[in-house]
Amino acid sequence: MNPPVLKYYEVADRVSAFSTTRKGGVSCGCYGGFNVNAFCGDDETHVTANRRLLAKELGVAEDRLIIPHQTHGIESRMIAEEFFGLPGRVRQMLLEGIDCVMTDVPGVCIGVSTADCIPLLFYDRAHHAAAAVHAGWRGTLNKIAHKAVVEMHHCFKTVPQDVVAVIGPGISLANFEVGQEVYEQFAQLGNDMERIAKMYDKWHIDLPECNRLQLVEAGVPERQILSAGICTYDHCDEFFSARRLGIESGRIYTGIVLR
(Lines give C-alpha, C1' and ligand atoms only; values in the text may rest on other atoms or scores of the structure.)
Protein backbone atom coordinates (compact mmCIF):
# COMPACT_ATOMS: atom_id res chain seq x y z
CA MET A 1 0.00 0.00 0.00
CA ASN A 2 1.39 3.37 -1.02
CA PRO A 3 1.57 6.10 1.64
CA PRO A 4 -0.44 9.26 1.00
CA VAL A 5 1.13 12.23 -0.76
CA LEU A 6 0.20 15.31 1.25
CA LYS A 7 0.38 19.00 0.47
CA TYR A 8 1.78 20.62 3.60
CA TYR A 9 1.36 24.25 4.67
CA GLU A 10 3.96 26.17 6.66
CA VAL A 11 1.89 27.49 9.53
CA ALA A 12 4.13 27.37 12.61
CA ASP A 13 6.58 25.23 14.52
CA ARG A 14 4.93 22.31 16.38
CA VAL A 15 2.07 22.29 13.85
CA SER A 16 1.43 20.01 10.88
CA ALA A 17 -1.15 21.41 8.44
CA PHE A 18 -1.96 19.67 5.18
CA SER A 19 -4.39 18.61 2.47
CA THR A 20 -4.48 15.10 1.07
CA THR A 21 -4.09 14.55 -2.66
CA ARG A 22 -5.39 11.68 -4.80
CA LYS A 23 -1.94 10.07 -4.79
CA GLY A 24 -1.19 6.99 -2.68
CA GLY A 25 -3.74 4.80 -0.95
CA VAL A 26 -5.85 1.88 -2.12
CA SER A 27 -9.17 3.32 -3.33
CA CYS A 28 -10.30 2.80 -6.93
CA GLY A 29 -11.93 4.73 -9.76
CA CYS A 30 -13.30 8.13 -8.84
CA TYR A 31 -12.29 7.39 -5.22
CA GLY A 32 -8.73 6.65 -6.25
CA GLY A 33 -6.36 6.45 -4.89
CA PHE A 34 -6.51 8.15 -1.52
CA ASN A 35 -9.85 8.82 0.19
CA VAL A 36 -10.48 8.73 3.96
CA ASN A 37 -14.10 9.87 3.87
CA ALA A 38 -16.64 7.19 4.77
CA PHE A 39 -19.69 9.24 3.77
CA CYS A 40 -19.22 9.41 -0.02
CA GLY A 41 -19.77 5.80 -1.08
CA ASP A 42 -16.23 4.42 -1.10
CA ASP A 43 -15.52 0.82 -0.11
CA GLU A 44 -15.36 0.66 3.70
CA THR A 45 -12.23 -1.53 3.71
CA HIS A 46 -10.46 0.96 1.44
CA VAL A 47 -11.41 3.88 3.67
CA THR A 48 -10.14 2.02 6.74
CA ALA A 49 -6.84 1.18 5.05
CA ASN A 50 -6.36 4.76 3.88
CA ARG A 51 -7.09 6.14 7.35
CA ARG A 52 -4.48 3.78 8.76
CA LEU A 53 -1.96 5.05 6.19
CA LEU A 54 -2.73 8.67 7.02
CA ALA A 55 -2.43 8.14 10.76
CA LYS A 56 0.96 6.49 10.22
CA GLU A 57 2.14 9.33 7.97
CA LEU A 58 1.12 11.90 10.60
CA GLY A 59 2.36 9.91 13.58
CA VAL A 60 -0.98 9.95 15.37
CA ALA A 61 -3.20 7.17 16.71
CA GLU A 62 -5.97 6.10 14.34
CA ASP A 63 -8.68 6.96 16.85
CA ARG A 64 -7.28 10.51 17.04
CA LEU A 65 -8.08 11.18 13.39
CA ILE A 66 -11.22 13.34 13.57
CA ILE A 67 -13.43 13.31 10.44
CA PRO A 68 -16.86 14.86 11.03
CA HIS A 69 -19.97 14.13 8.97
CA GLN A 70 -20.59 17.55 7.44
CA THR A 71 -23.99 18.88 6.36
CA HIS A 72 -23.18 22.34 4.91
CA GLY A 73 -24.21 23.93 8.19
CA ILE A 74 -22.31 26.11 10.67
CA GLU A 75 -22.26 23.88 13.76
CA SER A 76 -18.92 23.42 15.52
CA ARG A 77 -17.53 20.86 17.96
CA MET A 78 -14.66 21.27 20.40
CA ILE A 79 -12.55 18.13 20.78
CA ALA A 80 -11.17 17.89 24.32
CA GLU A 81 -9.24 14.99 25.82
CA GLU A 82 -12.47 13.69 27.41
CA PHE A 83 -13.87 13.03 23.91
CA PHE A 84 -11.58 10.01 23.52
CA GLY A 85 -12.91 8.33 26.64
CA LEU A 86 -16.42 8.16 25.19
CA PRO A 87 -17.84 5.05 23.44
CA GLY A 88 -17.31 4.99 19.68
CA ARG A 89 -21.01 5.42 18.87
CA VAL A 90 -21.18 8.52 21.08
CA ARG A 91 -18.10 10.03 19.42
CA GLN A 92 -19.66 9.39 16.02
CA MET A 93 -22.91 11.02 17.15
CA LEU A 94 -21.04 14.09 18.39
CA LEU A 95 -19.44 14.51 14.96
CA GLU A 96 -22.75 14.26 13.08
CA GLY A 97 -23.79 17.49 11.35
CA ILE A 98 -20.53 19.25 12.26
CA ASP A 99 -18.77 21.59 9.80
CA CYS A 100 -16.15 23.03 12.15
CA VAL A 101 -13.92 21.16 14.61
CA MET A 102 -11.57 22.72 17.14
CA THR A 103 -8.98 21.45 19.59
CA ASP A 104 -6.04 22.40 21.78
CA VAL A 105 -5.04 18.79 22.44
CA PRO A 106 -1.66 17.76 21.00
CA GLY A 107 -1.52 14.62 18.88
CA VAL A 108 -5.08 14.99 17.59
CA CYS A 109 -5.72 15.52 13.88
CA ILE A 110 -8.83 17.59 13.22
CA GLY A 111 -9.93 18.11 9.65
CA VAL A 112 -12.71 18.54 7.12
CA SER A 113 -13.57 16.85 3.83
CA THR A 114 -14.11 18.73 0.56
CA ALA A 115 -14.32 18.21 -3.18
CA ASP A 116 -14.74 21.79 -4.51
CA CYS A 117 -15.94 23.42 -1.27
CA ILE A 118 -13.36 25.52 0.59
CA PRO A 119 -11.41 23.97 3.49
CA LEU A 120 -10.04 26.40 6.08
CA LEU A 121 -7.48 25.83 8.83
CA PHE A 122 -6.91 28.22 11.74
CA TYR A 123 -4.04 28.21 14.21
CA ASP A 124 -3.94 30.36 17.35
CA ARG A 125 -0.26 31.07 18.00
CA ALA A 126 -0.86 32.42 21.50
CA HIS A 127 -2.90 29.50 22.86
CA HIS A 128 -1.64 26.63 20.65
CA ALA A 129 -5.15 25.83 19.48
CA ALA A 130 -6.59 25.03 16.07
CA ALA A 131 -9.76 24.76 14.02
CA ALA A 132 -10.71 23.14 10.71
CA VAL A 133 -13.69 24.52 8.78
CA HIS A 134 -15.77 23.29 5.84
CA ALA A 135 -17.00 26.30 3.85
CA GLY A 136 -19.26 25.36 0.98
CA TRP A 137 -21.39 28.08 -0.60
CA ARG A 138 -24.05 27.70 2.12
CA GLY A 139 -21.50 27.82 4.93
CA THR A 140 -19.79 30.77 3.26
CA LEU A 141 -23.13 32.55 2.87
CA ASN A 142 -23.74 32.03 6.60
CA LYS A 143 -20.24 33.31 7.45
CA ILE A 144 -18.87 30.11 8.96
CA ALA A 145 -15.29 31.44 8.73
CA HIS A 146 -16.17 34.48 10.84
CA LYS A 147 -18.20 32.31 13.24
CA ALA A 148 -15.26 29.91 13.71
CA VAL A 149 -12.99 32.75 14.85
CA VAL A 150 -15.66 33.77 17.38
CA GLU A 151 -16.01 30.14 18.55
CA MET A 152 -12.24 29.90 19.05
CA HIS A 153 -12.42 32.99 21.25
CA HIS A 154 -15.15 31.35 23.36
CA CYS A 155 -13.20 28.08 23.71
CA PHE A 156 -9.58 29.21 23.89
CA LYS A 157 -9.66 33.02 24.38
CA THR A 158 -8.31 33.38 20.86
CA VAL A 159 -7.92 36.91 19.49
CA PRO A 160 -7.98 37.29 15.69
CA GLN A 161 -4.57 38.98 15.55
CA ASP A 162 -2.98 35.71 16.75
CA VAL A 163 -4.61 33.55 14.07
CA VAL A 164 -2.78 32.11 11.09
CA ALA A 165 -5.28 30.88 8.50
CA VAL A 166 -4.98 28.57 5.49
CA ILE A 167 -7.40 28.56 2.57
CA GLY A 168 -7.01 25.10 1.05
CA PRO A 169 -7.77 23.72 -2.42
CA GLY A 170 -11.26 24.52 -3.70
CA ILE A 171 -13.16 25.58 -6.77
CA SER A 172 -12.16 28.91 -8.34
CA LEU A 173 -14.28 31.84 -9.50
CA ALA A 174 -13.80 30.83 -13.14
CA ASN A 175 -15.36 27.40 -12.53
CA PHE A 176 -17.98 28.07 -9.85
CA GLU A 177 -21.11 28.91 -11.82
CA VAL A 178 -24.23 29.60 -9.74
CA GLY A 179 -27.89 30.33 -10.36
CA GLN A 180 -29.40 33.79 -10.06
CA GLU A 181 -31.00 32.81 -6.75
CA VAL A 182 -27.61 32.03 -5.19
CA TYR A 183 -26.15 35.30 -6.46
CA GLU A 184 -29.08 37.19 -4.94
CA GLN A 185 -28.65 35.48 -1.57
CA PHE A 186 -25.04 36.67 -1.39
CA ALA A 187 -26.05 40.16 -2.52
CA GLN A 188 -28.88 40.43 0.02
CA LEU A 189 -26.47 39.77 2.87
CA GLY A 190 -24.34 42.77 1.96
CA ASN A 191 -21.39 41.03 0.30
CA ASP A 192 -19.20 43.15 -1.96
CA MET A 193 -20.46 41.59 -5.19
CA GLU A 194 -18.02 43.54 -7.36
CA ARG A 195 -15.19 41.75 -5.58
CA ILE A 196 -16.66 38.26 -5.25
CA ALA A 197 -18.80 37.78 -8.37
CA LYS A 198 -18.40 37.96 -12.14
CA MET A 199 -20.86 37.44 -14.97
CA TYR A 200 -19.91 35.01 -17.73
CA ASP A 201 -22.90 33.27 -19.36
CA LYS A 202 -24.15 33.02 -15.78
CA TRP A 203 -22.96 34.40 -12.45
CA HIS A 204 -19.77 32.97 -10.93
CA ILE A 205 -18.79 33.44 -7.28
CA ASP A 206 -15.30 33.49 -5.78
CA LEU A 207 -15.63 31.32 -2.65
CA PRO A 208 -11.94 31.54 -1.62
CA GLU A 209 -12.11 35.35 -1.76
CA CYS A 210 -15.43 35.39 0.13
CA ASN A 211 -13.82 33.49 2.98
CA ARG A 212 -10.65 35.58 2.88
CA LEU A 213 -12.74 38.73 3.23
CA GLN A 214 -14.65 37.21 6.15
CA LEU A 215 -11.39 36.52 7.94
CA VAL A 216 -10.16 40.06 7.37
CA GLU A 217 -13.51 41.35 8.64
CA ALA A 218 -13.11 39.15 11.72
CA GLY A 219 -9.74 40.81 12.43
CA VAL A 220 -7.26 38.24 11.08
CA PRO A 221 -4.31 40.16 9.56
CA GLU A 222 -4.14 39.75 5.78
CA ARG A 223 -0.45 38.79 5.94
CA GLN A 224 -1.44 35.81 8.13
CA ILE A 225 -3.91 34.37 5.62
CA LEU A 226 -2.24 31.77 3.41
CA SER A 227 -3.85 30.45 0.25
CA ALA A 228 -3.12 27.21 -1.55
CA GLY A 229 -4.24 28.88 -4.77
CA ILE A 230 -5.38 25.52 -6.18
CA CYS A 231 -8.61 25.10 -8.15
CA THR A 232 -9.93 21.58 -7.63
CA TYR A 233 -11.96 21.71 -10.86
CA ASP A 234 -8.86 22.50 -12.92
CA HIS A 235 -6.67 20.00 -11.06
CA CYS A 236 -9.03 17.04 -10.60
CA ASP A 237 -6.17 14.69 -11.51
CA GLU A 238 -4.53 15.61 -8.19
CA PHE A 239 -7.44 16.80 -6.02
CA PHE A 240 -11.02 15.52 -5.91
CA SER A 241 -13.65 17.65 -7.64
CA ALA A 242 -17.32 16.68 -7.38
CA ARG A 243 -18.18 18.91 -10.34
CA ARG A 244 -15.69 17.06 -12.52
CA LEU A 245 -15.87 13.52 -11.09
CA GLY A 246 -19.44 13.41 -9.80
CA ILE A 247 -20.74 13.25 -6.24
CA GLU A 248 -19.83 9.56 -6.01
CA SER A 249 -16.11 10.29 -5.78
CA GLY A 250 -13.49 10.80 -3.09
CA ARG A 251 -12.88 13.78 -0.84
CA ILE A 252 -9.84 15.86 0.02
CA TYR A 253 -9.10 15.83 3.76
CA THR A 254 -7.57 19.07 5.02
CA GLY A 255 -6.31 18.75 8.57
CA ILE A 256 -4.10 20.14 11.30
CA VAL A 257 -2.18 18.47 14.13
CA LEU A 258 -0.74 20.25 17.17
CA ARG A 259 2.57 18.80 18.38
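Two strands are taken as paired if DSSP finds at least two bridges between them. In this predicted model, strand 9 (residues 163-167) meets that criterion with strand 13 (residues 225-227), to which three bridges join it in a parallel arrangement. Within this pairing, V166 stands opposite L226 of strand 13. Strand 9 is also joined to strand 7 (residues 118-124), here by five bridges and in an antiparallel arrangement. F122 has A165 of strand 9 as its bridge partner.

Strand 9 is mostly covered, with five of its five residues buried. The burial extends to both faces: V163, A165 and I167 lie on one side, and V164 and V166 on the other.

The largest nonpolar core contains 36 residues, of which L120, F122, V133, F186, A197, I205 and L215 touch the most other members. Helix 4 supplies the largest share of this core, six residues. A second, separate core has 29 residues, including A17, F83, V105 and L121. Beyond its neighbours within four places in sequence, V133 contacts D99, C100, V112, I118, P119, L120, F122, I144 and A148.

Helix 4 (residues 144-156) also packs against helix 7 (residues 207-218), at an angle of about 35° and with the axes 8 Å apart. The crossing of these two helices is right-handed. On the side of helix 4, the contact is formed by I144, A145, H146 and V149, and on the side of helix 7 by N211, Q214, L215, E217 and A218. Sorted by class, the residues in the contact of helix 4 with helix 7 are five nonpolar, three polar and one charged.

Key
Residues numbered from 1 in each chain as written. Predicted model: local features only at pLDDT ≥ 70, side-chain atom pairs only at ≥ 80, totals over all residues. Heavy atoms only, no water. Axes fitted to C-alpha atoms, helices over the stretch in contact; angles between N-to-C directions. Helix = DSSP H or I, 4+ residues; strand = E, 2+ residues; numbered from the N terminus. Left-handed = near helix turned anticlockwise from the far one by under 90°. Contact = heavy atoms within 4.5 Å. Nonpolar A, V, L, I, M, F, W, Y, C, P; charged D, E, K, R; others polar. Core = buried A, V, L, I, M, F, W, Y, C linked by side-chain atoms within 4.5 Å. Buried < 20%, exposed > 50% of the residue type's maximum accessible area, 1.4 Å probe, protein only.
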